[in-house]
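Let's take a walk through a protein together. Have a look at the sequence and the 3D view before reading on.

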Amino acid sequence: MVGRTLACAGVYSLLVLLLASCGSRAPQQRPTGVAYAGPLTLHLRKDLASKSAPVGTASHGERLDVLETRRRFVKVRTAQGVVGWTDSNLLLTPQQMDDLRRLSESATKLPSQGTAKVYEAVNMHSEPSRQSPSFFQIPEAGSVDVVGHRATLRVAQNPSPPPVRRTVSSKKSKLKEPKQAGLAPPPPRPPAPPRNWLELSRPRAADLSGPAFPPPSAPATLEDWNLVRTRDGKTGWVLARMLYMAIPDEVAQYAEGHRITAYLPLGEVKDQNQTKHNWLWTTASDGQHSYEFDSFRVFVWSTRRHHYETAYIERNVKGRYPVQVEAMGFSLVLEDKDAKLYKRTYAFSGYHMRMISKTLYLPPVLPEVRASPRVESSPSQAPAGGGGWRQKLREWRKRWIGR
């Protein structure tokens with residue numbers, strides 16, 4: 001009996017030493033979910049506070065292990081073992097990453113509507129919305145291909161509160177009635193009110209509890225977004241007003257203040273020792289439009305006068321992407337009087353142009369980055385190794401000694 005007790009004590013001491021040596025290295029917390037870094041560079045902080053010290057970064061698309069959530073903040077771990085906190089709005093779910101990949105694959109098949117440049121660095125978003133993650137930044141003076149367009153409702157960042165109605169004090173001034181020398185005759189009896197006097201007396205005081213003059217509902221404002229594609233295949237949404245089409249200035253000067261939405265070359269023209277191009281372009285007037293252009297024009301270079309001239313122009317149309325160069329000319333998608341889209345193909349030669357076909361057009365459906373639930377961890381899963389080496393020691397003691 002004594003020997004068995006001594007053996008158990010020896011085993012117990014050995015376990016204490018082993019667990020104490022292992023206790024210096026904290027066990028890793030078990031992940032409860034998976035997320036991906038949304039921005040180009042995701043900064044991780046040591047704590048929830050915005051002024052907390054940074055502990056590391058993660059690149060766009062990098063896989064992260066979700067460890068814990070507190071309100072809208074998520075504790076994640078990178079593949080290098082860096083653990084930190086970030087905002088859940090900056091993370092993408094696996095579903096959203098798949099949508100981004102499918103959008104990029106579909107955009108590679110779309111024809112370019114022209115090369116656009118940026119004056120300054122511009123963020124590329126996963127959705128046509130300012131609130132969506134920005135996963136890439138077009139550098140200053142960088143160029144991209146415009147392949148799509150969408151007009152979306154603009155969400156107000158800081159909506160103005162309704163005006164406060166000023167109320168008049170209910171205190172009545174106490175005025176002394178003037179003394180009269182004699183009794184005045186009683187006033188005549190007022191006529192009886194009509195039976196529907198309640199309806200006639202509206203609005204009542206209770207109906208005026210809100211603002212005296214409620215603000216008129218502001219019209220919904222649309223924002224123009226362009227789907228763009230970089231040279232290395234990245235695809236995303238950019239605010240259209242941040243882009244300008246890189247058409248030559250000698251042609252762009254004829255835009256008449258309208259925004260150029262697409263431009264394509266229609267062959268070369270040799271003029272002495274210089275080479276010029278004929279151009280097809282589309283423009284949109286100022287205002288909010290769901291379509292891409294309301295006018296298109298063909299410019300040709302005159303070898304006799306040595307400047308550009310208009311060979312054809314058509315206004316007051318509702319045009320959609322894509323605008324394409326065909327074997328004998330070009331094609332556009334225009335909305336007809338029956339509100340349907342038709343692809344019109346035009347033959348072009350010199351100054352002469354004529355429509356050769358008109359067919360019903362069904363626009364392709366681009367994959368969208370669907371809104372996913374916020375990245376969350378499951379509260380039912382406890383982190384592995386909870387309690388540290390002391391808890392393990394108690395479990396071993398209970399198993400071997402029974403107490």
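Predicted model: local features only at pLDDT ≥ 70, side-chain atom pairs only at ≥ 80, totals over all residues.

Which residues of the largest nonpolar core touch the most other members? They are Leu243, Trp281, Phe296, Val298, Phe330 and Leu332, out of 46 residues in that core. A nonpolar core here is a set of buried Ala, Val, Leu, Ile, Met, Phe, Trp, Tyr and Cys residues joined through side-chain atoms within 4.5 Å, and buried means under 20% relative accessible area (1.4 Å probe, protein chains only). In soluble globular proteins, nonpolar side chains tend to be buried together.

Residues are numbered from 1 along each chain as its sequence is written, and side-chain values use heavy atoms, with hydrogens and water left out.

Now pick out Phe330. Leaving aside neighbours within four places in sequence, Phe330 is in contact (heavy atoms within 4.5 Å) with Leu266, Leu280, Val298, Gln324, Val325, Arg344, Thr345, Tyr346, Phe348 and Met353.

Next, find Ser126, in the loop between strand S9 (122-125) and strand S10 (134-138); strands are DSSP runs of E, at least two residues, numbered from the N terminus. Is Ser126 buried or exposed? Ser126 counts as buried because its relative accessibility is 3%. Not counting residues up to four places away in sequence, Ser126 touches Leu100, Ser132, Pro133, Phe135, Trp237 and Val369.

Methods
Buried < 20%, exposed > 50% of the residue type's maximum accessible area, 1.4 Å probe, protein only. Helix = DSSP H or I, 4+ residues; strand = E, 2+ residues; numbered from the N terminus.
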